[in-house]
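Hi,

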Amino acid sequence: MPSNSLNYTKAAVIVHGKSEFHIVRYIYTNLHLSVKIIAENKGRSSIQINGLKDYLNKKPFRSLSAFAEEYSVEYDRKRKKLNNFKLFIIMDTDDCSDKMKEEYITKSLFKNHPLEKYIVPIYNISNLEDVMIKAGIMVERISNSEKGNYYSKVFPINTDPVSLDTVKQIQLFANKIKNVKETNMLEFVNYCMDQISDMK
């Protein structure tokens, strides 16, 4: 585990697929945050709401200590809690039942899980493409085979130092999605922006 608390992971994000993978990577590289993306084959294989329970029963998620060690999260062994950390899960809602969708959004799907209090479910209704179109970011739907290239161009990796310009890029994205009621992705963006404020 890192000795400097500034090096600890502040957020981990379980992503549905490659589109979400590119957006999360775009945000944390622009802000230079310590964020871990949890994905299947870099998003090339999807994780769905109806498979989340099984996914969260895998070895790294079974205990706070194991999770903290796997993802470099600050862990208070005495109080048995994670410090300064949230686990975001970004999912489409069109590939599960209405009941499971409701359980996901209300967090009841994660009841009694060791990470329950740290989980923030991020939803895109019915899917990310719907949200991107309503936000005016995407003009029209694209095929699955095009998504990797499209999202990597619209949401590129930033290797330059954090600057006012890179922060403005994220603020611009936040402004575009803030009035789209079919998503709560702004919660993730705002959390990331808050980490920048804390570092000043």
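Let's start in the loop between β6 (119–124) and α5 (128–134), where you'll find Ser-126. Ser-126 is joined to Ile-125 by a cis peptide bond, with omega at about -10°. Bear in mind that this is a predicted model.

Next, helix α1 (residues 18–31). Among the buried ones are Phe-21, Ile-23, Val-24, Tyr-26 and Leu-31. Just past the helix, His-32 has a positive phi of about 55°.

How do α1 and helix α6 (residues 144–154) cross? Their axes come within 9 Å and cross at roughly 5°, which makes α1 roughly parallel to α6. On the α1 side, the residues that meet α6 are Lys-18, Ser-19, His-22 and Ile-23; their partners in α6 include Asn-144, Lys-147 and Tyr-151. By class, that contact has six polar, two nonpolar and two charged residues.

Asn-41, in the loop between β2 (35–38) and α2 (52–55), isn't a glycine but has a positive phi of about 55°. Asn-41 is partly exposed, at 47% relative accessible area. Lys-80, in the loop between β3 (75–76) and β4 (81–82), has a positive phi too, near 55°. With a relative accessible area of 59%, Lys-80 is exposed.

Cheers

Key:
Residues numbered from 1 in each chain as written. Predicted model: local features only at pLDDT ≥ 70, side-chain atom pairs only at ≥ 80, totals over all residues. Heavy atoms only, no water. Buried < 20%, exposed > 50% of the residue type's maximum accessible area, 1.4 Å probe, protein only. Helix = DSSP H or I, 4+ residues; strand = E, 2+ residues; numbered from the N terminus. Axes fitted to C-alpha atoms, helices over the stretch in contact; angles between N-to-C directions. Parallel < 35°, antiparallel > 145°, perpendicular 65-115°, else oblique. Contact = heavy atoms within 4.5 Å. Nonpolar A, V, L, I, M, F, W, Y, C, P; charged D, E, K, R; others polar.
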